[in-house]
Amino acid sequence: MRAKSLFLVNQFPLAAALLGCAMSAAGQSGKPPQVNQVGFLPQAAKWASIAVDETLKTDAFEVVNTATGETALQGKLLPAQDWSPGGQRIQLAEFSSLKTPGSYRIRVAGLPESAVFAIGEGAYDAVSQGVMKAYYFARAGMALEAKYAGAYARKAGHPDDKVLVHASAADSKRPSGTRISSPKGWYDSGNYNKSMVSSSIAAGMLLAAYEHFPGVSQALQLQIPEQGSGLPDLLSELAWSLDWMLSMQDPEDGGVYHQLSNLEYGGDEMPDASTEPRYVLQKTTAATLGLAASLAMASRVYAKYEEQRPGYSKQLLDAAQRAFAWAESHPQAIYLRRDDVKTGAYVDDKMSDEFAWAATELFLSTKNPSYRSKLQLEQVNINQPSWRDVSGMVWMSLAQHIDQLSAEDAALVRQTLQSRAQQDMGAWKASAYRLVLPEGVFKGGGTGMVLSEAMLMVAAYRLLPQERTALDVAQSAMDYALGRNPLGMSMVTGFGTHSPLHPHHRPSLADGVEAPVPGFVVGGPNIGQQDKNACPAYPQSPAALAYLDNGCSYSTNQVAIHGNAPMVYLLTALKTLTASSQ
Ligand SMILES: [Ca+2]
């Protein structure tokens, strides 16, 4: 009976949420141990975080096999430590030595039991498929058929074959009001706009997943219309966006439009109901360099698929080189907000990281030393990659191609990544939660930030495999995203026992299906509460609880293509690297 009800819990997140409440009401106080609710690969570091107070009378924990009811592992909680982001005292449970495949819960006497999680070689297979399949659900300009989309089938919207050139983007060859065609692409976030900077960083991270971990990436089966075309599914899905990006480049001068957008956010409607005029906005240095970098990467990856996409690799590289040339002659074309455009702006006024990333990828793809000479490597920061700061991509790509670098450059790459790893490993060990939280993590988009910081740890670990702790730090980032956080929630729709049910995502709000479209990573806690006038009250403090699972909450509960990409990368990395780690 017990095993059966637990099985049901695993299958139906909503029922699990209700059952969780009932269990708490039945006499258990306190919060359950927080754990990655999807699970672990057998060789992974495994931690649970337990918020404690003086009423807890034990420092013992058990890991219980849910199929047999037997205790698979007993251990002692580590001493309590304050963890200020959650306003909690935390005791950690480590159970890394449990490697036997199965389904488990953590039990601490006096507390509700943890969510169910799996240990097994396939523990991440479904979520890997899910977070990549989310891009299919984000496709603009295509009907999603039930055969591929199930209950989330929908009509096509936004064909974008007659897009207007906005006054901000007008020039003599394409005056204001000129119609151009810019179809395909992915909706950027919870609305129906298409953004170049978020598309380019998402593409860069997905291409990195493919280039660094080809085996696992090629094996990903997405059930999308292009399946069986001879291209791996990940590359078929990505091409939907790359084709759009190519169309955003002005053929006349090589500059790239910043956004393709409505002038105002529409309501909570399905794509086909959204019929306002669409515009391409101002050409910017950020958009142009983002395209240059990601298309230069793509030209390397698609070169192996000349038979499936004849001429594509060269087309991508030509576009990237023309874009870089435009940016060199327009080095500070920063996006300016206009009164008539009310949609998100993605303003970035620091271009040195974009120049460095584009020069890096063009150097690696063309081997032309002139691009290396434009890369002032010793001046490039290392930050977790985001749409605003792409510096981390420079170091990751150089690390991947370290055998092509001069001895001096190779040494600098090693030194930079090692130094970042030392910093993060130290912060991780010192953290009461065993978690590295990048600066600003609770000011919007924090889930993606935690995951993209972990991408740097993956790069460090691949260069320096003796630094096993760097891989454990990356695992902890995955744990945070999948439920080892003070909200006790997986931040990915449809995955984990408790996950967002009401993301700020127009199709999920408008499609009449109760469960949200699965596989989307939501932004996470945000003390800024920019949405407070649109939403019921929710906590502002402690920072790690400043979150609202409500469709109104664009500040905390919005999806974004650049939030999913580091999750795809990290799942692919962990699957590849954990099995062979010691
Ligand atoms: Ca920047």
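This is a predicted model: local features need pLDDT of at least 70, side-chain atom pairs count only at pLDDT 80 or more; totals for chains, interfaces and linings use all residues.
The calcium ion is held in view first. Its protein donors come from Asp348, Lys350, Asp353, Glu354 and Arg388. Along the chain, the donors follow the spacing D-x1-K-x2-D-E-x33-R. Both Asp348 and Asp353 are buried.

Helix α7 covers residues 233–247. At 1.5 Å a residue, its 15 residues should span 21 Å. The end C-alpha atoms of α7 are 22 Å apart, which agrees with that expectation. The helix also has a kink of about 30°, centred on Ala239. In α7, 15 of the 15 residues are buried, so the helix is largely enclosed by the rest of the structure.

Two residues other than glycine have a positive phi. Lys367 has a phi of about 60°. It lies in the loop between α10 (352–366) and α11 (369–373). Its relative accessibility is 51%, and exposed means over 50%, so Lys367 counts as exposed. For Gln529, phi is near 50°. Gln529 sits in the loop between α16 and α17. Its relative accessibility is 8%, under the 20% limit, so Gln529 counts as buried.

The loop between α16 (506–510) and α17 (561–578) also contains Pro542. The peptide bond from Ser541 to Pro542 is cis, with omega near -10°.

Terms used:
Residues are numbered from 1 along each chain as its sequence is written. Side-chain values use heavy atoms; hydrogens and water are left out. Donors are N, O and S atoms within 2.8 Å of the metal (3.2 Å for Na, K and Ca); water is not among the atoms, so sites may look incomplete. Buried means under 20% relative accessible area, exposed over 50%, partly exposed in between (1.4 Å probe, protein chains only). Helices (H or I, at least four residues) and strands (E, at least two) are DSSP runs, numbered from the N terminus. The expected span of a helix is 1.5 Å times one less than its number of residues. The bend at a residue is the angle between axes fitted to the seven residues ending there and the seven starting there.
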